Amino acid sequence: MYDAVGGQAFFDQLVDRFYDGVVDDPVLRPLYPDDLGPSRHRLAGFLAQYWGGPPHYSAERGHPRLRMRHAPFEIGAAERDAWMSHMRASLASAEMPDDIRVAMLEYFESAATHLINKQPPTPPDSRIVPIS
């Protein structure tokens, strides 16, 4: 797929459009460092490698270990949904074959959901009656 979409330039542009949305996102922006340059570089490298490009990401960072790398950040449904919103918009403006777009969307949906590590608070059980 790496070659079918145009190589590294495709992933650089995809990630740039994605982070252009993150810059002003009140849910996601606090999760990122002030300088988004390294985050852009890592995501573009990871995606390029994942979709069949050269293994530069692994050479620089080792095994992706996405869940471990994201563990320090509280990621709930709101963060997942915001991330997906920006990635969907970025993919929508990219030129690519429909089958590749579908495959990428499916991957992003699955990966973003897998990274959720914060569950909503459990509401109190209304059946429990306090003893006085």
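**Entry 1: Arg80 and Glu109.** I started with Arg80, which makes a salt bridge to Glu109, with the closest N and O atoms 2.4 Å apart. This is a predicted model, so I'm reading a computed distance here. I looked up where the two sit: Arg80 is in helix 6 (residues 77-92) and Glu109 is in helix 7 (residues 98-114). They are 29 residues apart, and the pair links distant parts of the chain.

**Entry 2: the neighbour.** Which residue does Asp81 form a salt bridge with? I found Arg80 again, with the closest N and O atoms 3.1 Å apart.

**Entry 3: buried or exposed?** I checked Arg80 and got a relative accessible area of 14%. That makes Arg80 buried, because the cut-off for buried is under 20%. Glu109 comes out at 26%, so I noted it as partly exposed. Asp81 is partly exposed too, at 41%.

**Entry 4: the network.** I followed the shared partners. Salt bridges join Arg80, Asp81, Arg88 and Glu109 into one network.

**Entry 5: another pair.** Next I looked at Arg40 and Asp20, whose side chains meet in a salt bridge at 3.4 Å, N to O. Arg40 lies in helix 3 (residues 37-50) and Asp20 in helix 2 (residues 8-22), so this pair ties together parts that are 20 residues apart in sequence. I also looked up Asp20 by itself: its relative accessibility is 49%, which counts as partly exposed.

**Entry 6: the tally.** How many salt bridges are there? I noted six. As a reminder to myself, side chains of opposite charge can pair when their charged atoms come close.

Notes. Residues are numbered from 1 along each chain as its sequence is written. This is a predicted model: local features need pLDDT of at least 70, side-chain atom pairs count only at pLDDT 80 or more; totals for chains, interfaces and linings use all residues. Side-chain values use heavy atoms; hydrogens and water are left out. A salt bridge is a side-chain nitrogen of Lys or Arg within 4 Å of a carboxyl oxygen of Asp or Glu. Helices (H or I, at least four residues) and strands (E, at least two) are DSSP runs, numbered from the N terminus. Buried means under 20% relative accessible area, exposed over 50%, partly exposed in between (1.4 Å probe, protein chains only).
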